Amino acid sequence: MLSTIAKPFAALALAAALISIVLAALGASPLGVFAALGEGAFGNWYACADTIVKSTPLVFTGLAVALAFSGALWNIGADGQLTIGAIAAGAIGPHLGNFPHAIAIAIILAAGALGGAVWGAVAGWLRARRDVNEVISTIMLNFVAVQALSWVVHGPLMEPSRAYPTSSPIARAAQIEFYFAPSRINLGMILAVALAAACYLLLFRTGAGFELRAMGRNRRAATFFGIRIPALTLWVMALSGALAGLGGAVQISAISHRLYEKLSPGWGFEAIAVALVARLNPLGVIPAAILFGALDNGSQAMQRTQGISPELVQVIQGLVILIILAFDTPAWSGLREQIFGASGDAAAVPPVAEMPDA
Amino acid sequence: MLEALLTSTITMATPILLAALGELLVEESGVINIGIEGAMLAGAFAALTIAYFSGSTALGLVGAIAAGVAINAIFAMLVVNLAVNQVVTGTAVSILALGLTGVFYRKLFGVTGKAFMVAPIAKIPLGPLARIPLLGPVLFNHNALVYFTFILVPALWYVIARTRYGLRLRACGERPEAADALGLGVIAIRWQALMVSGALTGLAGAFLTLAYANTFVENISAGRGFVALSVVIVGRWNSWGLAAASVLFGAAMALQFGLQALGTVVPYQLFLALPYALTLVVLAGFGGQAAAPSALGEPYRRQ
């Protein structure tokens, strides 16, 4: 029987097997490609550092998705929330020159969190008050955010020289410094780790976290339990958006220092894979994000030495999500019961009424 | 100018409407498939590759249908048989298709940046109708896929609203337990809807490569699958409504190109955001999903 810890690894192994088939179809050597991926991601100190840098936004969006999914709120909108957070940070960033360093950074991060929270809250409000499925609303909000970013960098926030569609650089005071020079590892990752711990405590050690998980297990039972579903929905979506928005602000403050079109290469969607590999556990989000950050980072070396385009990473992500879903399905549990008899695995989910009191 | 704009509106609306009609079938059966973007991409890629290497547009279309069906089969296996969460599966399918088409395109056509062009699918002017001023070129001088798509609007309306099969389909989307109790075979009906939808979505993708761009670029669907999802909502789950919404969004896309060329003060991004913003407004204004099938998105498992 697959334990909680073993499942993600089994899923990754099966994904690796399927990827090998795809690679064989392409006429490439699977071992060579995996070796190139690993070498590119962890081959030396610089590669490791770059992997950490590439993982950082994924921790933020991964936490955002994991938190919402825990409450069975299918937030597909982390990308849009991150984008709006980045726009807020990029808009306020150039005007923070007269503030002390710490204050300027606090302001730019707060702006990002607030921007993302607003974007998440729109979907939360629509769900709570207008019964609009958050899946649809967050997908729509993603596209609106992408167009908003395109508009601001071509229009109101375009830098004065107007040479490229980018915004003016943020003030030095608002830039997170490179603490581990010459690598670009920065305070952002430390903040991300702290937030992961905070999310873990929130989810598993507080009454609100219990209510959220109860809502995720069974909305109707949670209602009978006295949990105010609409208010909780609104708050969770706002908090989820704030986490993603913070990720956008960290990216602006620490790495890009300005806005440009197509800022996110799909961090909000990768976050779904990250959250599922982490089995929605905020602490698990960190290694899961590093895994996917490593894939992103290693894919460049893979392209250089093996001639496989970096989109292979998306194939891996898609397969990993599908395999994890297939492993987790209740139908499988039923099948396992038929084959092996009733197992502890299927009974691992206690009914809400038996959960410890909040 | 007006003629070009209106013709372009129909061209832009066609792939969106085709995919949206497929999605409508699926949603009537109680499944929400947000992986249409992936099926569309797979269709676009298969159509171009097969048409390029075989020199046959018809074979390209067949390939697109096969690719759309294959992608939807993966989706159906998970969400219909294994009762997995439809949203997350749909997202994963889209990511997977985006990756697979990207990887195989680079492998087949290299990274030279040279565009691999195919002959555009032939236009069929409809006799004297095509000679009517303005209306002729706008409505009656298109390829077979355009005519097929617009004929599908009344045909699908009839099937869903007036036939026994349509009734069964809708029963699966409204009350799967009751439908199952009546012996309707929810699993089989949902599979059928997803397979037909896969074929239509694959063809929608083929339209992008064979009729519109005449080549393939990565992520050529560029969110059109999600516009199709919007079209189903804005069109209120009615194929006539879907046609109207598709034409509206097609016009927004056509206008956006016109505006970019003209360089007006109206930001073209406004038109690109229109389908999505309008969907939000419609959903908020009409009180959520009153018109949606009530079991939409809920996996069905026999007890």
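Reader: Where does Gln147(A) lie?
Author: Gln147(A) is part of helix H6 of chain A, which spans residues 134–154. Helices (H or I, at least four residues) and strands (E, at least two) are DSSP runs, numbered from the N terminus. The model is a predicted one, in which local features need pLDDT of at least 70 and side-chain atom pairs count only at pLDDT 80 or more, while totals for chains, interfaces and linings use all residues. Residues are numbered from 1 along each chain as its sequence is written, chains are lettered from A and ligands numbered from 1 in the order in which they are written, and side-chain values use heavy atoms, with hydrogens and water left out.

Reader: What makes Gln147(A) count as buried?
Author: Its relative accessibility is 13%. Buried means under 20% relative accessible area, exposed over 50%, and partly exposed in between (1.4 Å probe, protein chains only). At 13%, Gln147(A) is therefore buried.

Reader: Which residues does Gln147(A) touch?
Author: Leaving out residues up to four places away in sequence, Gln147(A) touches Gln269(B), Leu272(B) and Ala273(B). A contact here is heavy atoms within 4.5 Å.

Reader: How many residues of chain B are in contact with chain A, and how much area is buried between them?
Author: On the chain B side 47 residues are in contact, with 44 residues of chain A. The buried area is about 3,800 Å², and carbon and sulfur atoms give 78% of that. Buried area is the accessible area (1.4 Å probe) that two parts lose on being put together, summed over both.

Reader: What makes the pair of Glu311(A) and Arg106(B) a salt bridge?
Author: The side chains meet at 4.0 Å, N to O. The rule asks for a side-chain nitrogen of Lys or Arg within 4 Å of a carboxyl oxygen of Asp or Glu, so the pair qualifies. Across the interface of chain B and chain A the rule finds one salt bridge.

Reader: Which helices of chain B supply residues to the side that touches chain A?
Author: Helix H3 (57–81), helix H4 (86–109), helix H10 (224–234) and helix H12 (269–285) of chain B each supply at least two residues of that side. H4(B) gives the most, with 16 residues.

Reader: Why is the pair of Phe143(A) and Tyr276(B) called stacked?
Author: The structure holds 13 aromatic pairs over all chains. In the pair of Phe143(A) and Tyr276(B), the ring centres are 4.2 Å apart and the planes lie at 10 degrees. Rings of Phe, Tyr and Trp (its six-membered ring) pair if their centres lie within 6.5 Å; planes under 30 degrees apart count as stacked, over 60 as edge-to-face and the rest as tilted. Both values meet their cut-offs, so the pair is stacked. The pair crosses between chains, from helix H6 of chain A to helix H12 of chain B. Both Phe143(A) and Tyr276(B) are buried.

Reader: What makes the pair of Tyr52(B) and Phe116(B) edge-to-face?
Author: The centres of the rings are 5.4 Å apart and the planes stand at 85 degrees, so the pair is edge-to-face. The pair links parts of the chain 64 residues apart, with Tyr52(B) in helix H2 (residues 36–54) of chain B and Phe116(B) in the loop between H4 and strand S1 (123–125) of chain B.

Reader: Is Tyr52(B) buried or partly exposed, and what of Phe116(B)?
Author: Tyr52(B) has 32% relative accessibility and therefore counts as partly exposed. Phe116(B) has a relative accessible area of 12%, so Phe116(B) is buried.

Reader: How do you know that Glu159(A) and Arg258(A) tie together parts of chain A?
Author: Glu159(A) forms a salt bridge with Arg258(A), the closest N and O atoms being 3.4 Å apart. Glu159(A) lies in the loop between H6 and helix H7 (187–205), and Arg258(A) in the loop between helix H10 (229–256) and helix H11 (267–277), so the pair ties together parts 99 residues apart in sequence. Glu159(A) is buried at 14%, while Arg258(A) is partly exposed at 26%.

Reader: Which residues do salt bridges that share partners join into one network?
Author: Arg106(B) also forms a salt bridge with Glu218(B), the closest N and O atoms being 3.1 Å apart. These two residues are 112 residues apart. Through shared partners, Glu311(A), Arg106(B) and Glu218(B) are joined into one network.
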